[in-house]
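Hi,

Here is the structure I promised to pass on. Have a look through it, and my notes follow below.

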Amino acid sequence: IVSIGLVIVLPFEGKIWALAAGSFVISLTGSLVTWAYYGLRPTFKFNWKIAKELVGYGKYCLGLSIIMYLYGHIGDFIIGKSLGVAALGYYTFAYSFTQKIAISSTSIFGGVALPVYAELQNETYRLKRIYLRTLSYSSLITIPMMSGIFILAPEIIKVVFTDKWMPAVIPLGVLSIFSLIRSIDTTTGELYAGIGKPKYNQNLGLFNLGCIIITIYPLISKYGITGAALSVTLARLLTIIVNFSLCAKVLKTKR
């Protein structure tokens with residue numbers, strides 16, 4: 001409401017502030033509601049033991065955040081440098097469109113799954129059942145959605161976004177496959193975090209980034225923005241193979 005309202009009333013050169021205002025209101029509202037609802041009040045006590053545990057756990061989360069930042073922008077940098085701003089715009093449009101849909105479907109389970117995994121981290125059988133059920137439900141939502149985008153990409157562009165976005169059709173189709181693989185692959189993120197193994201997430205992210213670094217420039221040089229889409233898709237496919245092999249060992253299952 002705040003962002004849309006400001007877009008309407010602000011002059012053209014100031015409309016960018018509508019996005020910042022919306023983000024600020026979300027954070028402020030969330031903080032105030034949490035403060036009022038839970039009744040928790042911070043104190044100024046410092047516990048070295050807890051701090052050491054948090055740093056030991058959090059350093060891998062920080063490492064993953066840095067890797068994911070590079071992962072999300074390396075393609076933009078190379079496309080902008082090699083192919084120009086217009087090509088970057090088409091690629092960013094296709095990438096953002098598929099990611100927003102995939103994230104909106106998989107985030108339904110993420111916030112609930114993490115504390116459940118943490119609670120069951122020492123009960124392998126129940127942990128396996130809960131994870132496989134989460135994976136099934138997530139796939140049930142994501143696979144039809146991404147398959148629909150892959151099949152109907154030209155029609156979606158023409159009807160919703162007009163013909164001027166047609167250069168993004170093929171990357172959109174390829175990135176729908178990428179988003180499908182990624183949405184299934186990321187179901188293990190909460191699992192590893194919940195059982196106290198955030199290092200697994202960091203190492204998988206590093207492997208994924210390495211695959212992109214190796215393939216993205218040659219593929220962009222040959223296929224343009226479609227090459228960038230192929231690079232991230234191929235990297236994610238290799239990552240999910242490694243990831244699910246690791247996951248099978250963690251859950252002690254062959255499924």
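A quick definition before the rest: a nonpolar core here is a set of buried Ala, Val, Leu, Ile, Met, Phe, Trp, Tyr and Cys residues joined through side-chain atoms within 4.5 Å. Buried means under 20% relative accessible area, exposed means over 50%, and partly exposed is in between (1.4 Å probe, protein chains only).

Please keep in mind that this is a predicted model, where local features need pLDDT of at least 70, side-chain atom pairs count only at pLDDT 80 or more, and totals for chains, interfaces and linings use all residues. Residues are numbered from 1 along each chain as its sequence is written, and side-chain values use heavy atoms, with hydrogens and water left out.

First, the core. The largest nonpolar core has 51 residues, and Y91, Y131, L175 and L191 have the most contacts inside it. At least two of its residues come from each of α3 (48-82), α4 (85-119), α5 (124-161), α6 (169-185), α7 (187-194), α8 (198-223) and α9 (225-251). The top contributor is α4, with 10 residues. (Helices are DSSP runs of H or I, at least four residues, and strands are runs of E, at least two, numbered from the N terminus.) Leaving aside residues up to four places away in sequence, Y91 touches D76, I79, L175, I225, A228, A229 and V232; contact means heavy atoms within 4.5 Å.

On a 1 Å grid over the protein atoms alone, a cavity is a set of points where a 1.4 Å probe fits but cannot get out, while a pocket is an open set with protein on both sides within 12 Å along at least five of seven lines; lining residues have an atom within 4 Å of a point. Grid points are joined across faces, edges and corners, and a volume is the space filled by probe spheres set on the points.

The largest pocket has a volume of about 590 Å³. Of its 30 lining residues, T186, T187, G189, E190 and R236 are the closest to its centre. Here too α4 gives the most, with 8 residues.

The whole structure has 1 cavity of 30 Å³ or more, and the largest cavity holds about 50 Å³ of space. Its lining is Y71, G72, I74, G75, D76, Y91, Y95, I216 and V232, with α3 giving the most, 5 residues.

Cheers
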